[in-house]
Amino acid sequence: MQHHTNFIDGTRVAPITGQYTDTENPYTTKVWARIARSGPEDVDRAVAAAKAAFTTGTWSRLTAPQRGALLRRFAELVVENAEELARIEVTDNGKPISEMLPQVKKIGDWLIYYAGLADKIAGATLATDKPGFMAHTLKEPLGIIAMITPWNSPLMLLTWKLAPALAAGNVAVIKPSEYTSVSALRYAELASEAGFPPGVINVVTGLGHEVGSALTAHPDIAKVAFTGGGTGGRAVYRAASDRLVPVTLELGGKSPNIVFEDADIDMAVKGIVSGIFASGGQSCVAGSRALIQRPLLDKMLPRMAELAGKIRLGDPMSSETDIGPIATRPQFERIQQCIAWAKEDGATLLCGGGPVPDPSGGPALFVAPTIFTDVRSDMRIAQEEVFGPVLSVIPFDTEEEALRIANDTPFGLGAGIWTRDLRRAMVLSRETKAGTVWINSYKGVSQTAPFGGFKESGIGREGGSAMIDAYLQTKTVWLNLTDSVPYTFPQ
């Protein structure tokens with residue numbers, strides 16, 4: 001069994017607590033590794049290392065082009081070691097290798113993109129209304145960034161935060177999910193191999209209420225970047241607000257795929273099925289609500305059920321597998337509860353509907369791809385984030401009704417619109433309350449495009465060139481060119 005300590009100040013460090021916690025392989029349901037169960041003293045040690053690196057260490061003296069060169073070398077090492085990293089992630093969270101390997105390789109693109117922006121950071125010379133004065137701005141890094149990441153796509157969602165933060169000159173203390181910590185530790189080691197100085201990237205593992213709370217409340221943290229559920233996001237927001245620390249929060253979603261009568265039905269069926277069942281529905285932007293115009297229901301529902309029935313569940317390390325097990329037992333139980341709600345509230349089960357045995361006879365936590373019809377927007381299954389392979393089908397008649405239903409949740413992360421009508425597509429993309437809207441596609445993201453949510457789906461954005469500004473602060477400098485002080489008290 002693997003045994004993992006923290007990564008602090010460029011090296012592996014045993015937790016001051018002396019305690020460790022188990023992490024399970026969701027496919028075998030057996031413990032495969034032990035990680036440090038750290039506490040506030042371990043957080044203090046990591047923050048102290050980060051502070052030294054930021055204020056007096058080698059990192060504080062590097063030029064922007066040098067930071068970019070380190071990020072490019074890091075990207076090379078990540079791609080070279082992509083299979084190892086992907087296998088760690090699959091072992092930790094059960095997603096198929098066919099999904100995780102391309103995802104890890106894509107991390108290299110994010111690192112290279114922000115490497116290219118590192119030396120594009122610039123202030124500006126300002127026109128002023130004060131004769132004899134010049135003014136200019138400087139863009140400076142914030143300092144120590146606390147990064148708290150989830151279990152569903154650990155390294156990808158960490159990179160969304162880490163790449164722009166490092167490009168801007170910040171340092172990081174990372175708290176990965178206690179369910180999927182091992183890949184972050186190996187990732188930090190690769191950064192060290194790439195040449196990042198000690199203390200720039202630190203990883204402290206453990207439980208949220210023991211490590212995450214201590215980290216977000218630490219007086220030396222300059223910003224918190226968090227991806228996870230709404231409960232955790234609110235706790236982070238409250239802790240950060242006590243010290244007026246900025247946050248980036250990427251939280252949950254209940255995203256709609258809206259299909260109009262003029263849509264390409266084959267495309268829409270494939271987009272809906274992949275949009276909810278890829279990753280086993282364990283994605284913040286999963287298209288968990290299918291809003292279908294009534295004339296299409298009889299055509300689309302049988303095709304959706306047929307396609308869902310062809311999804312291959314099994315060993316996530318096999319290239320033949322489409323969906324692996326649910327990543328954690330608490331999440332497996334949560335999905336069962338949501339399915340029970342749908343049945344209690346009167347939804348009709350089209351396919352799936354509960355746990356299924358591992359095709360190989362193992363104990364893994366599989367849930368059948370599940371579709372409910374006759375769902376109303378006020379049902380719990382249509383309002384609560386399931387974070388599993390469960391789709392709610394809600395019929396509508398008009399554009400106005402579709403828009404009302406689409407916006408009728410506390411969330412606003414993503415939305416899909418399926419139509420050949422350009423006017424309709426553009427009008428609805430403006431009126432839909434979501435941070436990302438896909439037209440005749442679903443779920444594509446890129447390092448070049450901002451991603452984030454409206455309403456309870458979060459605060460701030462990740463991705464795109466503007467994201468680097470979220471890890472910078474602006475300083476204004478005034479220069480007096482005259483021989484006098486223009487503002488004095490009366491004599």
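**Ground rules.** The model is predicted, so I take local features only at pLDDT of at least 70 and side-chain atom pairs only at pLDDT 80 or more, while totals for chains, interfaces and linings use all residues. I number residues from 1 along each chain as its sequence is written, and side-chain values use heavy atoms, with hydrogens and water left out.

**Salt bridges.** I started with the charged pairs. I call it a salt bridge when a side-chain nitrogen of Lys or Arg sits within 4 Å of a carboxyl oxygen of Asp or Glu. Searching the whole structure gave me 31 salt bridges.

The pair I looked at next was Arg186 with Glu84, whose side chains form a salt bridge at 3.0 Å, N to O. Arg186 belongs to helix H6 (residues 182-194) and Glu84 to helix H3 (residues 82-93), so this pair links distant parts of the chain, 102 residues apart. My helices (H or I, at least four residues) and strands (E, at least two) are DSSP runs, numbered from the N terminus.

How covered are the two partners? For accessibility I use buried for under 20% relative accessible area, exposed for over 50%, and partly exposed in between (1.4 Å probe, protein chains only). Arg186 is buried at 16% relative accessibility, and Glu84 is partly exposed at 35%.

Glu99 and Lys95 make a salt bridge at 3.7 Å, N to O, and Lys95 is buried at 4% relative accessibility. Lys310 bridges to Glu306, with the closest N and O atoms 3.7 Å apart. Here Lys310 is exposed at 54% relative accessible area, and Glu306 is partly exposed at 48%.

**H2 against H4.** I then turned to helix H2 (residues 64-80) and helix H4 (residues 97-118). Their axes come within 8 Å and cross at roughly 170°. The axes are lines fitted to C-alpha atoms, for helices over the stretch in contact, and angles run from 0 to 180 degrees between N-to-C directions. I therefore log H2 and H4 as roughly antiparallel, the word I keep for angles over 145 degrees.

For contact I ask for heavy atoms within 4.5 Å. On the H2 side I listed residues including Leu71, Phe74, Ala75 and Val78, and the H4 residues they meet include Ile107, Leu111, Ile112 and Tyr114. By class, this contact has 13 nonpolar, three polar and three charged residues. My classes are: Ala, Val, Leu, Ile, Met, Phe, Trp, Tyr, Cys and Pro nonpolar; Asp, Glu, Lys and Arg charged; the others, Gly among them, polar.

**The E1-E5-E4 sheet.** I found an open sheet of three strands in the order E1-E5-E4, with mixed pairing. I count two strands as paired if DSSP finds at least two bridges between them. Strand E1 (2-4) and strand E4 (20-25) are the edges, each pairing on one side only. Neighbouring strands are turned by 30° against each other on average, direction ignored.

E4 and strand E5 (residues 30-36) run antiparallel and are joined by six bridges. Thr21 stands opposite Ile35 in E5. H3 lies across E4 and E5, at about 95° to E4.

**H7 and Thr216.** In helix H7 (residues 208-216) I marked Val211, Gly212, Ala214, Leu215 and Thr216 as buried. What covers these residues? I see helix H1 (40-55), strand E8 (144-148), strand E9 (171-175), strand E11 (221-227) and helix H8 (230-242) among the covering elements.

I picked out Thr216, which is buried at 4% relative accessibility. Leaving aside neighbours within four places in sequence, Thr216 is in contact with Ile148, Val224, Val236, Ala239 and Arg243. Thr216 and Val236 are 20 residues apart in sequence, yet 6.4 Å apart in space, C-alpha to C-alpha.

**Positive phi.** Most residues other than glycine have a negative phi, and so I checked for exceptions. Asp9 has a positive phi of about 55° although it is not a glycine. Asp9 is in the loop between strand E2 (6-8) and strand E3 (11-13), and is partly exposed at 41% relative accessible area.

Asp374 also shows a positive phi of about 55°. Asp374 lies in the loop between strand E18 (370-373) and helix H12 (380-383).

Methods:
Parallel < 35°, antiparallel > 145°, perpendicular 65-115°, else oblique.
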